[in-house]
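Subject: Structure handover

Hello,

Here is the structure I promised to pass on. Please open it alongside this email.

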Amino acid sequence: MKSTLALTRSFERPIRLLLVNQLTINIGFYMLMPYLAGHLSTTLALPTALVGLILGVRNLSQQGLFLLGGTLADRLGCKPLIVAGCALRTVAFALLGVADSLPVLLVASGLVGLAGALFNPAVRTYLAAEAGPRKVEAFAAFNAFYQLGILIGPLIGLVLDAMAFSVVCLTSAAMFAVLTVAQVRALPARAPSRPDDERRRPGVLQDWRAVLTNRSFLLFSLAMTGSYVLGFQVYLGLPLEIRRVSSSELGVTGVFVVSAVLTVVLQARLTAWAQARWRPPQAIARGLALMGLSFVPVAVSTLWLQGPVPPGPVAWAFTLAPALTTAALLSVATMIIYPFEMTTIAAFGGDHAVGTFYGLYSTLAGIGIATGNLLTGWTLDVGARVGLPALSWLALTVIGLACATAVAALDRTAGLPQPAQAVTA
């Protein structure tokens, strides 16, 4: 089985460029965004409500415009959207570094989201088209580079933020500027896929109607929403649990380190192992089941960990073990799911609407995360209030198993497309 590095080298130049592109995008994004709320509330002394508004504008503009970005990628080609998105991030992050008024901050935050809505579906569409029958392997490598960027970015941002937040913003803007120029010069243009008779191509509204009325796709998207709710707990539920039992931020950092390192080291091998044994729907269903069961260790630990543990490295490590085990299992589950999930969406899109399907799928996932976070927070509060701290974790387990059952049912009823795969050693 190939390592992630060997797998990357096995692809042609355009795919390697896309992988480095996503790594750089994530480094530039995650070196800034984790520290933005602190800058707004502390340096600029904005009320918490305004901080939430500024951050919410970014999320709303990105999630709400994914469908438009995906459709534009289908119609105009992927490269212009990737370049435009990176150019917008350059402007947006530079603005965040110098802005001190609410209107400018809102504009900058909106541009950050719009940029993501443009290049995220385009990158995935380009990757799916370029990979051909090796889509599963290509998305496996993509996920490894994606997670590596999430690991490196905050570490760089932490160092630069110690100087000044404006240094973080301007450094990130400079990275996106270089990336924009590099993509203009180095990324090959890939013309949008067109039918033999362009006059027979449906209009944009017809494309949107087709994706919005595709029952199998909508059911698949609904089932997969659970995976995003569960995966997001590395940002919400697990940090809260670690702080509850250890009062330490080091353990929170450990969650991200464990997830990123496992993905970089194991993604290619685990994907090859799963690809040799399961069809895509089977891999997705099993990954979802593992996602749900990932929360059992932390649920069980709440039976004896009712508060902060006494000081000491052994006790501290023992206390963090359940949460880190959950993070590791979630990472393995995501590695199983993601390449097959992205390949399945591309199969739904066919020859001419892959970006549109990716766009709507991303929007639905964003809605699911927002709803799921609200419900997760509510169950955490209820569990603490009634003396059942395991309530939220057990609910997440049920969600994972229910989603796995739903995908398996769709597979049995032939509701999912069967993408072609290239099996390699």
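Below is what was found in it, from the whole chain down to single residues.

Please keep in mind that this is a predicted model.

Overall fold

The protein chain has 17 helices and zero strands. Its radius of gyration is 21 Å, close to the 22 Å that the globule rule gives for 425 residues, so the chain is as compact as a globular protein of that length. Along the principal axes, the C-alpha atoms fill a box of roughly 70 × 55 × 40 Å. Of the 425 residues, 52% count as buried. Contacts across the sequence are well represented: take those with a separation of 6 or more, and 85% of them join residues 24 or more positions apart.

The core

The largest nonpolar core has 110 residues. Within this core, Phe-93, Leu-96 and Phe-220 have the most contacts. Which helix gives the most to this core? It is H15, with 14 residues.

Phe-220 deserves a look on screen. Leaving out residues up to four places away in sequence, Phe-220 touches Ile-284, Thr-344, Ile-345, Phe-348, Tyr-361, Leu-410 and Leu-416. Helix H15 spans 313–349, and Thr-344, Ile-345 and Phe-348 are among the residues that Phe-220 touches.

The second largest cavity

How many cavities of 30 Å³ or more does a search of the whole structure find? The search finds two. About 40 Å³ of space lies in it.

Its lining has 10 residues. Nearest the centre are Glu-241, Val-245, Val-298, Thr-319 and Ala-323. Three helices each supply at least two lining residues: H11 (237–246), H14 (296–301) and H15 (313–349). The largest share, four residues, comes from H15. By class, the lining has seven nonpolar, two polar and one charged residues.

Thr-302 is found in the loop between H14 and H15. Is Thr-302 buried or exposed? Thr-302 is buried, because its relative accessible area is 1%, and buried means under 20%. Not counting residues up to four places away in sequence, Thr-302 touches Glu-241, Arg-244, Pro-389, Ala-390 and Trp-393.

Gly-113 lies in helix H6 (residues 102–131). Gly-113 counts as buried, because its relative accessibility is 0%. With residues up to four places away in sequence set aside, Gly-113 touches Arg-58, Ser-61 and Gln-62. For a sense of scale, pick Gly-113 and Ala-409: they are 296 residues apart in sequence and 35 Å apart in space, C-alpha to C-alpha.

Ala-45 sits in the loop between helix H3 (33–43) and helix H4 (48–76). Ala-45 is exposed, because its relative accessible area is 57%, and exposed means over 50%. What is the phi of Ala-45? Phi is near 55°, a positive value in a residue other than glycine.

Best wishes

Definitions and conventions. Residues numbered from 1 in each chain as written. Predicted model: local features only at pLDDT ≥ 70, side-chain atom pairs only at ≥ 80, totals over all residues. Heavy atoms only, no water. 1 Å grid on protein atoms, 1.4 Å probe; cavity = no way out; pocket = protein on both sides within 12 Å on 5 of 7 lines; lining within 4 Å. Points joined across faces, edges and corners; volume = space filled by probe spheres on them. Nonpolar A, V, L, I, M, F, W, Y, C, P; charged D, E, K, R; others polar. Core = buried A, V, L, I, M, F, W, Y, C linked by side-chain atoms within 4.5 Å. Buried < 20%, exposed > 50% of the residue type's maximum accessible area, 1.4 Å probe, protein only. Contact = heavy atoms within 4.5 Å. Rg over C-alpha atoms; globule rule 2.2 N^0.38 Å.
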